[in-house]
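Hi,

Here is the structure I promised to pass on to you. Have a look at it first, and then read on for what turned up in it.

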Amino acid sequence: MARGVYIHIPFCHQICNYCDFNKFYFKNQPVDDYIEMLGKEMALATEKNPQSFQHIETIFLGGGTPTALSPDQLSRLLTLIRTYIPMDSVTEFTSEANPDELSEAKMHALLDGGVNRLSMGVQSFDQELLKKIGRTHSNAHVYDTIASAKKVGFRNISIDLMYGLPGQTMEQWKDSLEKAFALDLPHFSAYSLIVEPKTIFYNQYAKGKLSLPTEDLEADMYDVLMQQMQAHGLMQYEISNFAKPGFSSTHNKVYWENDEYAGFGAGAHGYINGIRYSNHGPLKKYMDAVNAGDLPIMHEHVVTASEQREEQMFLGLRKTDGITHTIYEERFKESMMSHYGQVIDNLVSEGLLEHDAIGIRLTRKGRFVGNEVFQQFLLED
């Protein structure tokens, strides 16, 4: 049974140099038709499998950039969502946003349509770094947009920050954090740059034209991040996410707790009834399939019992609370130690995991090498 819904809006007015998500330049795209096809896909999915949508807690509009849409387009999209997705149990409804696109008219459309949380892509408060990564907003856009969002009525606002950017110094990172904290927001996400294939940065890196911080400097930036978040009263509840009490993201937790969710839109991914699936990415293939009355699924994978255990471990360990013995045993009808005891003992002896009667979790040291820890749980049956 799905706990969350992800809806993909693949349109952008500007594509960032690091972005590898399924996206299209907004100009000359069939945006209105795409919105209608989203509604039709939601109708098809909920009619075919109504029991999976009975207790949806969280909806997330991602992209691309949902705020690339006009106020009228946003209103139409949100009307379709409320028409086909049962809203009785929804407590968190998030939209991603760009600071230079989120007008008050769009804010009102989002709020009136049920959205109660904004996740804003700020990335940095250094204008030169923003240009390097292909962002178009200024600090003034950030300050004005957040002030307007609070005035309109949004109380749950998050911003994304990035570190390990090309040429970024520790001074620039500390300055961005200082400016971020001055906004007095309840939630922050902070990610290190990953150079993904099929991006502008990847091409530059392959040609030796991308100067990145050293691994040691990036680790120091992460260390400063954790220190400063704690000093400003923000709890780290996941490797990259920090929140004031009561503001941790329900949608984030759906992923890290390995719960099921539906994905709608071109290139969207979902996990329903033990099956992970992905939709067609090209707009025409996606829209043609939906228009013909078919779910636009390109690929399906039935998650094996072994894969389910592995996913539970490497997703759950991203949370600072880690994985409890009780939840593991309820899901897999065996003890965590019976399957992973040796791995856990080894990681505890290396100071990377804590283990007690409640469960296991990364140590502070372990958070710096999370991916290396997660790899240890990829076992053969």
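One cut-off to keep in mind: a residue counts as buried under 20% relative accessible area, as exposed over 50%, and as partly exposed in between. Please also remember that this is a predicted model.

Lys151 has a relative accessible area of 67%, so it is exposed.

Where does Glu238 stand, buried or exposed? At 0% relative accessibility, Glu238 is buried. It forms a salt bridge with Arg318, with 2.5 Å between the closest N and O atoms. Here too the pair links distant parts of the chain, 80 residues apart: Glu238 is in strand E9 (residues 235–238), and Arg318 is in the loop between H11 and strand E15 (323–324).

A local case is the salt bridge between the side chains of Lys131 and Glu128, at 3.8 Å from N to O. Both residues lie in helix H4 (residues 127–133), three residues apart, which is about one turn of the helix. Lys131 is exposed, because its relative accessibility is 54%.

The count of salt bridges comes to 17. Arg3, Glu57, Glu257, Asp259, Lys319 and Arg331 are linked by salt bridges in a network.

Helix packing

Arg331 turns up again in helix H12, in the contact with helix H11. The axes of H11 (residues 305–316) and H12 (residues 325–332) come within 11 Å and cross at roughly 165°. That angle is over 145 degrees, so H11 is roughly antiparallel to H12. The crossing of H11 and H12 is right-handed. On the H11 side the contact has Gln308, Arg309, Gln312 and Met313, and on the H12 side Ile327, Tyr328, Arg331 and Phe332. These residues of the contact of H11 with H12 divide into four nonpolar, two polar and two charged.

The other pair to look at is helix H1 (residues 31–48) with helix H10 (residues 283–291), whose axes come within 9 Å and cross at roughly 50°. H1 and H10 are therefore oblique to each other, and their crossing is left-handed. H1 contributes Asp33, Tyr34, Met37, Leu38, Lys40, Glu41 and Leu44 to the contact, while H10 contributes Leu283, Tyr286, Met287, Val290 and Asn291. In this contact of H1 with H10, eight residues are nonpolar, one is polar and three are charged.

Backbone geometry

Most residues other than glycine have a negative phi, and most peptide bonds are trans. Which residues are joined by a cis peptide bond? They are Gly63 and Gly64, with an omega of about 25°. Gly64 sits in the loop between strand E4 (58–63) and helix H2 (71–84).

Gln123 is not a glycine, yet has a positive phi of about 70°. It is in strand E6 (residues 117–123) and is buried, because its relative accessibility is 7%. Asp184, also a residue other than glycine, has a positive phi near 55°. Asp184 is found in the loop between helix H6 (170–181) and strand E8 (187–192).

Note on methods. Residues are numbered from 1 along each chain as its sequence is written. Side-chain values use heavy atoms; hydrogens and water are left out. Helices (H or I, at least four residues) and strands (E, at least two) are DSSP runs, numbered from the N terminus. Buried means under 20% relative accessible area, exposed over 50%, partly exposed in between (1.4 Å probe, protein chains only). Axes are lines fitted to C-alpha atoms, for helices over the stretch in contact, and angles run from 0 to 180 degrees between N-to-C directions. Angles under 35 degrees count as roughly parallel, over 145 as roughly antiparallel, 65 to 115 as roughly perpendicular and the rest as oblique. A crossing is left-handed if the near helix is turned anticlockwise from the far one by less than a right angle, and right-handed if clockwise. Contact means heavy atoms within 4.5 Å. Ala, Val, Leu, Ile, Met, Phe, Trp, Tyr, Cys and Pro count as nonpolar, Asp, Glu, Lys and Arg as charged, and the others, Gly among them, as polar. A salt bridge is a side-chain nitrogen of Lys or Arg within 4 Å of a carboxyl oxygen of Asp or Glu.
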